[in-house]
Amino acid sequence: MFGGEPDTKKGRNCIAVAALLLTASIVALLRTVPAFSQETELRGEVSESAILADQQRKARQLRAQGSLDQAVPATQMAEDQTPANPYEPASPGAVPDDDQTGGAAGSIFDQPQATNDPFADNQTIAPPRRPSTARQSAGAKAKSDAKGAGKQNAKKKPGQTTDSTAKAATGDQAETAATEDDGANRRAVTIDSVDRQKLDPGAERTGSIDGQKAKLEDDPFAAPGIKLGTFVFRPTLEQGLTATSNADASAGGRSAVLSETALRFSATSDWRENSAVIDGYGLFRNTLSGQKINDAQGRIEGQLNVDLDNELRAIARLGYEAVPESASSPDAIAGVTSQPLRQTVDGSLGIEKDVGKMRYALTGAVSHDFYGDAKLSDGTVLSLKDRDSTLYSATLRTGYQVSPAMTPFVEVEAGRRIYDLRLDSNGFERSSTRLGARAGLELDMREKLSGEFSVGWLREGIDDDRLPAIAGPYVNADLKWSPERGTIIGLTGRTTVETTTIANESGDLLYSGRLTGERQVRANLTANTALGLDWRDYTGSDGHDLILSAEAGLTWWLNRYAGLTTRIRTEKLTSNLPGRDYVANSVYLGLKVQR
């Protein structure tokens with residue numbers, strides 16, 4: 001190695017180099033060289049066996065470099081092993097993770113590899129972790145106090161306590177406290193500490209609701225309903241007696257005592273998006289004494305609302321009604337044991353679309369009327385098939401939303417009425433064409449005021465030239481107003497074209513209006529009133545009928561499911577046509593049950 005020198009000299013030189021390298025390694029280990037910082041919590045002190053294994057591994061690496069021509073000074077080697085960027089621990093005594101054994105390829109004291117540094121060819125050796133400053137000072141003070149205490153104890157008698165002993169104990173306590181502080185630093189950030197954080201006030205548990213005051217219901221006597229699938233079904237049954245001065249409300253009507261049974265129901269869907277409603281009623285009257293009356297009437301109708309894409313809504317309606325011909329109707333047949341039954345099947349389908357503040361709606365409707373046979377007093381049967389007809393109509397509405405509460409609109413209607421028989425029993429062709437136009441206002445003020453009203457003109461021209469067209473003003477209204485809580489005022493208006501098969505007559509326009517009021521006097525007491533006004537204008541003549549009516553009633557609920565109801569009613573018809581005037585007064589008392 002040194003050019004021909006004896007082997008003994010070579011051996012001594014190798015031993016000297018190894019000794020110097022070992023000495024430099026020990027000096028580097030004893031120096032205070034911080035390691036790289038860690039972001040996780042501390043792992044604790046490193047065992048002496050791990051330090052010794054690391055030193056032996058370094059020594060083997062140095063001996064493998066036997067090709068060195070000369071010894072490297074120990075001081076320079078120690079300087080080379082000093083890292084360029086010294087480690088600054090976040091807390092005293094922090095060391096790298098002890099995840100490698102002493103005999104592994106890497107060391108627990110090695111700095112992390114510089115993956116982006118191609119010139120990093122060796123690793124620096126980090127010294128073992130030193131105890132914390134508090135622990136060092138506490139330990140040194142405890143040792144010095146222990147030495148002094150040993151000298152004083154030799155002079156003291158047995159059983160006496162020296163100051164040095166107390167100081168030594170204090171030093172032990174200080175060291176223990178420092179150890180606990182160091183451990184507390186390790187436990188400062190743990191997963192369990194998250195569980196000890198203060199909960200969100202909204203996530204805290206509340207007390208029992210048993211002691212809380214129950215919220216009062218808006219209507220404690222309202223029908224709770226029955227759950228049937230996805231619908232809530234609310235039936236109502238009413239049974240009572242009626243004493244009337246005119247049993248059939250006609251010019252020749254007589255007094256009677258009638259048994260009345262009324263069944264009403266409503267079913268409302270419980271769907272998340274779309275909705276459906278089904279309503280119906282049935283009324284049965286039978287005579288207990290007086291004029292013979294035995295009739296029944298009823299209606300059932302349903303409505304389906306479906307929300308489509310692109311601000312489109314579809315509304316479908318379907319209904320069926322069966323009502324006997326009224327004895328006061330212009331088409332009533334005299335000398336019959338019972339008036340014929342008129343049945344109606346009607347349906348409609350509408351599409352609504354909103355474009356900005358514009359509102360568009362297109363509705364198509366079909367209504368088919370068919371009549372039963374009339375039973376005459378002599379036992380014969382009169383067919384009324386020539387009155388059967390079907391009305392097809394289409395209505396287009398355009399509106400502009402001035403505000404969320406008001407939307408004025410205009411509406412046009414076109415339709416065609418087709419009779420099942422082209423010619424009636426008198427040889428007239430009764431089919432007709434229907435045209436109408438109207439303007440109105442739609443209101444939406446929540447519970448305060450809602451609904452719509454419109455006025456316009458309606459004409460229905462009959463195909464037979466011998467008969468004049470039925471034409472006149474058109475009025476329609478459906479409004480609800482609540483001036484205060486528990487009070488509801490309603491106003492309805494309707495214009496109906498009444499056709500006929502009487503010879504040389506076209507028919508008439510019937511204007512009907514109702515003003516209703518409902519007041520919740522108490523939670524279990526409800527009062528209601530109604531005023532009615534009907535005006536019938538006969539086409540082709542100056543004939544007219546005026547019908548006035550008034551009604552008042554009370555319902556006293558015994559509980560949520562049963563109540564007593566009573567009402568009084570008066571009705572008067574005045575006409576400029578002979579044989580049509582009548583007056584009918586009635587009183588009703590009954591029991592109402594609901595679910």
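**Exercise 1.** Which side chain meets that of Arg-536 in a salt bridge?

Before we start: this is a predicted model, where local features need pLDDT of at least 70, side-chain atom pairs count only at pLDDT 80 or more, and totals for chains, interfaces and linings use all residues. Residues are numbered from 1 along each chain as its sequence is written, and side-chain values use heavy atoms, with hydrogens and water left out.

*Solution.* 
- Step 1: A salt bridge is a side-chain nitrogen of Lys or Arg within 4 Å of a carboxyl oxygen of Asp or Glu.
- Step 2: find the partner. Arg-536 pairs with Glu-498, at 3.1 Å from N to O.
- Step 3: Strands here are DSSP runs of E with at least two residues, helices are runs of H or I with at least four, and both are numbered from the N terminus.
- Step 4: check the cover. Buried means under 20% relative accessible area, exposed means over 50%, and partly exposed is in between (1.4 Å probe, protein chains only). Arg-536 is buried at 7%, while Glu-498 is partly exposed at 21%.

**Exercise 2.** Work out which strands the salt bridge between Arg-514 and Asp-534 ties together.

*Solution.* 
- Step 1: look at the gap. The closest N and O atoms of Arg-514 and Asp-534 are 3.0 Å apart.
- Step 2: find the strands. Arg-514 lies in β18 and Asp-534 in β19, so the bridge ties together parts that are 20 residues apart in sequence.
- Step 3: compare the ends. Arg-514 is partly exposed, with 31% relative accessibility, and Asp-534 is buried, with 11%.

**Exercise 3.** Are both ends of the Glu-413 and Arg-434 bridge buried or exposed?

*Solution.* 
- Step 1: confirm the pair. The two side chains meet at 3.1 Å, N to O.
- Step 2: place the residues. Glu-413 belongs to strand β13 (residues 406-419) and Arg-434 to strand β14 (residues 432-444), 21 residues apart.
- Step 3: read the accessibility. Glu-413 is buried at 10%, and Arg-434 is buried too, at 9%.
- Step 4: zoom out. Both residues belong to a network of salt bridges that also links Arg-397, Glu-411, Arg-417, Arg-438, Glu-452 and Glu-460. Across the model, the count comes to 33 salt bridges.

**Exercise 4.** Which residues form the largest nonpolar core?

*Solution.* 
- Step 1: know what qualifies. A nonpolar core is a set of buried Ala, Val, Leu, Ile, Met, Phe, Trp, Tyr and Cys residues joined through side-chain atoms within 4.5 Å.
- Step 2: list the members. The largest core has 6 residues: Leu-458, Ile-470, Tyr-474, Val-497, Leu-509 and Tyr-511.
- Step 3: spot the suppliers. Strands β16 (470-481) and β18 (507-522) each give at least two residues to this core.
- Step 4: follow one member. Leaving aside residues up to four places away in sequence, Tyr-511 touches Gly-472, Pro-473, Arg-494, Thr-495, Leu-533, Asp-534 and Trp-535. A contact means heavy atoms within 4.5 Å.

**Exercise 5.** Where is Val-366, and what does it touch?

*Solution.* 
- Step 1: locate it. Val-366 is in strand β9 (residues 358-371).
- Step 2: check its cover. Val-366 is partly exposed, at 36% relative accessibility.
- Step 3: list the contacts. Beyond four places in sequence, Val-366 touches Val-345, Asp-346, Gly-347, Thr-390, Leu-391 and Tyr-392.
- Step 4: Val-366 and Ser-348 are 18 residues apart in sequence and 6.3 Å apart from C-alpha to C-alpha.

**Exercise 6.** Find two residues with a positive phi that aren't glycines.

*Solution.* 
- Step 1: Most residues other than glycine have a negative phi.
- Step 2: pick out Glu-311. Its phi is about 60°, and Glu-311 lies in the loop between β5 (294-307) and β6 (312-324).
- Step 3: pick out Asn-504. Its phi is near 65°. Asn-504 is in the loop between β17 and β18 and is exposed, with a relative accessible area of 62%.

**Exercise 7.** Describe the chain as a whole, and say how confident the predictor is.

*Solution.* 
- Step 1: count the elements. The chain has 6 helices and 22 strands.
- Step 2: look at burial. Of its 595 residues, 32% are buried.
- Step 3: check the confidence. The mean pLDDT (the predictor's confidence in each residue, from 0 to 100) is 78, and 67% of the residues reach 70 or more.
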